[in-house]
Each structure stands twice: as C-alpha cells, then as structure tokens.
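Okay, everyone, thanks for coming. Take a look at the screen while I bring up today's protein.

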Amino acid sequence: PQRRKSVTVGTILKPISKWAGFGVLAMGVPLGAALPDLPFAESLFPELRPYLEAVVEQGEGATLGGLTVEERSGDADVARSQRGPSVRFFGRFTGSYEMREDIDNVTRADVASNLTVTQPLYRWGNLKRQVEIADKQVDLAELNQERSVTRDLYEARQAYLYLLLNRERVA
C-alpha cells in the first residue's frame with residue numbers, strides 16, 4: 001500500500017504556536033510557557049513567499065529527501081514481495097547447421113526449459129520483521145525529508161532577513 005506523503009508549503013509552513021510548550025530562552029520566554037502567535041517572515045514580507053515555495057519544490061532537502069523516500073519505498077515493496085511466491089523461468093535454444101558431403105544436411109536443434117515456483121513457508125518471523133523494518137525506514141525517510149525542508153526554509157528566511165538588514169545599514 002502506498003502511504004506516500006508529499007511535502008508541500010502548507011505542511012511545512014506551520015504556525016509557530018504549535019511549538020508552544022518548548023519555550024524559547026532567546027526570546028525571554030521561560031521554558032514551558034506558551035509562545036505568542038508570532039508571524040513568520042513571509043507573513044510580514046509577502047514577496048518572500050515565492051522563494052520559499054521554490055525552496056520546498058526544488059530545494060536540496062526536498063529533492064534528495066524525495067529520492068530517499070522513493071528508495072525506501074522500493075525497499076519496502078521488495079520486502080513485501082518476498083513474502084509471496086516467486087516464479088523463475090529459464091529457456092535455452094541451441095541449433096546448428098552443418099554442410100558437409102559425408103553426412104546429410106540437416107539442422108540439429110536442442111531446446112531446454114525450466115520453470116520453478118517457490119513459496120516461503122515459515123522463516124521464524126523474518127519476513128514479517130523485514131516488512132516492519134522497511135515500513136519504519138520509509139517513515140524515517142519522510143521525517144528526514146521534512147526536517148531537511150524545514151532547515152532549508154529556515155536558512156532562506158534567515159538569508160532574506162539578513163539581506164533586509166544589510167539594505168537598511170547601507171541606506
């Protein structure tokens with residue numbers, strides 16, 4: 001079953017009040033106290049939002065994280081497929097034609113084929129555990145992707161605010 005989550009701007013740009021309870025010492029708020037609803041930089045500077053959307057869609061964290069999630073999803077599919085039967089077919093055709101005067105001119109051919117069907121019966125829960133581990137690795141890859149995109153957004157916001165501060169200093 002496909003459980004793929006896609007990281008979008010709406011899922012990443014969350015209100016900061018979600019993190020209330022963690023407290024921020026740098027803001028002078030004691031630990032455990034609720035944070036006020038603080039605006040993100042893009043709510044104060046709307047021209048920043050297209051850049052943040054580009055970071056979410058094309059940034060390094062989104063791209064590499066998406067590839068990692070795809071890879072882990074493939075590993076989970078492989079783990080699930082190992083629980084079912086497997087079919088293997090092998091076929092070989094060989095032929096020869098000899099043109100000699102001392103024997104009749106005929107084609108000699110040989111056909112060999114093999115069909116194998118295997119079904120794992122019981123491996124002391126190894127197959128079930130492999131599927132569970134693969135599913136957990138997919139979940140971990142999705143969390144890592146979200147964390148990477150969140151870090152990229154933080155860096156983009158910070159760079160934009162530094163740009164504005166430097167413009168103020170120059171002006």
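Let me start with a term: accessible areas here come from the Shrake-Rupley method with a 1.4 Å probe, and for residues only the protein chains shown count as cover. On that basis, the protein exposes about 12,800 Å², with carbon and sulfur atoms supplying 58% of it.

Now the housekeeping. This is a predicted model, where local features need pLDDT of at least 70, side-chain atom pairs count only at pLDDT 80 or more, and totals for chains, interfaces and linings use all residues. Residues are numbered from 1 along each chain as its sequence is written, and side-chain values use heavy atoms, with hydrogens and water left out.

So what's in there? We've got five helices and two strands; these are DSSP runs, numbered from the N terminus, with helices being H or I of at least four residues and strands E of at least two. From the N terminus on, the order is α-α-α-α-β-β-α.

How much of the protein is buried? Of its 171 residues, 20% count as buried, meaning under 20% relative accessible area, while exposed is over 50% and partly exposed is in between, using a 1.4 Å probe and protein chains only. As for contacts, meaning heavy atoms within 4.5 Å, take those with a separation of 6 or more: 66% of them are between residues 24 or more positions apart.

Next, aromatics. A search of the whole structure turns up one aromatic pair. Phenylalanine 45 and tyrosine 160 have ring centres 5.9 Å apart and planes at 65 degrees, so they're edge-to-face. For the cut-offs, rings of Phe, Tyr and Trp (its six-membered ring) pair if their centres lie within 6.5 Å; planes under 30 degrees apart are stacked, over 60 edge-to-face, and the rest tilted. Because phenylalanine 45 sits in the loop between helix H2 (41-44) and helix H3 (49-58) and tyrosine 160 in helix H5 (residues 126-170), the pair ties together parts 115 residues apart in sequence. Phenylalanine 45 is partly exposed at 26%, whereas tyrosine 160 is buried at 11%.

Here's another one to find: serine 73, in helix H4 (residues 60-81). Its relative accessibility is 14%, so serine 73 counts as buried.

Last stop, strand E1, which is where you'll find valine 87. Valine 87 counts as exposed, because its relative accessibility is 58%.
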